Amino acid sequence: MNDLNIDIVERETKVILPEKLVFGKIYTDHIFEVDYDEELGGWYNPTIKNFENINLSPAAMVFHYGQSIFEGLKAYKQDNGRVALFRPEKNVERLNRSAKRMCIPEIDPDFVLKAMLELVRIDKDWIPTRPGHSLYIRPVMFASEPLLGVRSAVNFKLIIMLSPVGPYYPEGFKPVPIYATDKYARAVRKGIGEAKTAGNYAASLMGQHEAKKEGYSQVLWLDAIEQKYLEEVGAMNIFVRFKNEVTTPMLTGSILPGITRMSVLQILKDWGYNTTERMISLQEVIDAYKTGDLIEMFGTGTAAVISSVSKLKFNDQLLQFSETEAGELGTKLYEELAGIQYGRVEDKHNWMTYID
Ligand SMILES: *Cc1c(COP(=O)(O)O)cnc(C)c1O
């Protein structure tokens, strides 16, 4: 691949961000874009340019057959003014794993990482500095070839865009109500659940909509085959803390392997917790709740980092945790991870990548 073209237009007036940032609604001045052509032999013309609409044929295969993957990570302006990204090499690795599953050509991970860091460097004045704020980084890769026939495309585009975001819970770290359902399934083993791909979200919207109507903020998805085992929650992985064990569903192929999940598992091991990855049935969780062995539950993901669970509903069963106080371990983990991200806690594992 040739070198990165940079085609930057400076803005004359500085953008003043609103007090309340709606997640993903405002984008910075520039995007990174690179195209793929099978006949040209690969990815070509990588460019950082002004944020603008893209031109695609109505027959672009992404619209018809869903060959599309994405990533999500954040850059933080730390207390000392330095700009740092949380484990970006893991997102690039996962981008390529998702690509492989979706028949999208892989891309040189070092080059993508370099382009991402350069894009963040160029737009770093957009990173909000208020508490809990950050710059969300969204790579998206999709089939751009125009064709109504069904097969894997031969032309693709990768775009990286940036969006300044506020804290996920503006009123502070508050527990969220979740709702398990066996009415729908998000993903099935051997399907595309472990790829960060558009279709998994499409499959989840109806369940999500019904959960919201019932007053719950997210769906706890169960395995699609027996509808018995915990999988994950919306765009988060789920952790269950029993009296003598902190556990999370093992990666069976239908669960998205979260980078926050991976980091939480590492921290728990560092802290000496008995940590496992295994199949966890909803019945086991309900039984432990009844005997007092269930201490807390929390979700992990880039957007909120940690989300403590206030209650869990499944049919006529209701597992009630505190509605006002986040769980003890969830809070400790949040402080540790956010501390590393904002540079207040020692980064023992070298998870942060600095842009300058
Ligand atoms: C992105 C995502 C997660 C969380 O992954 P992180 O890397 O921790 O942000 C969990 N589940 C789904 C379905 C996701 O798309």
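**Stop 1: between the domains**

Colour domain 1 (5-165) and domain 2 (176-341), and look between them: the largest pocket lies there, because both domains give residues to its lining. The domain bounds come from an automatic or database assignment. This is a predicted model, in which local features need pLDDT of at least 70 and side-chain atom pairs count only at pLDDT 80 or more, while totals for chains, interfaces and linings use all residues. Residues are numbered from 1 along each chain as its sequence is written, and side-chain values use heavy atoms, with hydrogens and water left out.

A pocket here is an open set of points on a 1 Å grid over the protein atoms alone, where a 1.4 Å probe fits and protein lies on both sides within 12 Å along at least five of seven lines; lining residues have an atom within 4 Å of a point. This one holds about 800 Å³ of space, counted as what is filled by probe spheres set on the points.

Next, select Phe70, Arg138, Tyr201, Gly234 and Ala235, the closest to the pocket's centre of the 35 residues that line it. Then show helix 4 (198-213), which gives the largest share of the lining, 6 residues. Helices (H or I, at least four residues) and strands (E, at least two) are DSSP runs numbered from the N terminus. By class, the lining has 16 nonpolar, 13 polar and 6 charged residues; Gly counts as polar, and charged means Asp, Glu, Lys and Arg.

**Stop 2: the ligand**

An oxygen atom of the ligand sits 2.6 Å from a side-chain N or O atom of Thr260. For Arg94, the distance from a ligand oxygen to a side-chain N or O atom is 2.8 Å. At Ile259, a polar backbone atom is 2.8 Å from an oxygen of the ligand.

**Stop 3: a hairpin**

Go to strand 11 (residues 230-233) and strand 12 (236-242). They run antiparallel, joined by 2 bridges; DSSP must find at least two for strands to pair. Val233 stands opposite Met236. In the turn of this hairpin, Gly234 has a positive phi of about 50°.

**Stop 4: the second largest pocket**

Finish at a pocket of about 450 Å³. Among its 22 lining residues, Lys14, Val15, Asp29, Asp125 and Trp126 are closest to the centre.

Note on methods
A polar contact is a pair of N or O atoms within 3.5 Å; within protein, one must be able to donate a hydrogen and the other to accept it, and residues adjacent in sequence count only if both atoms are side-chain atoms.
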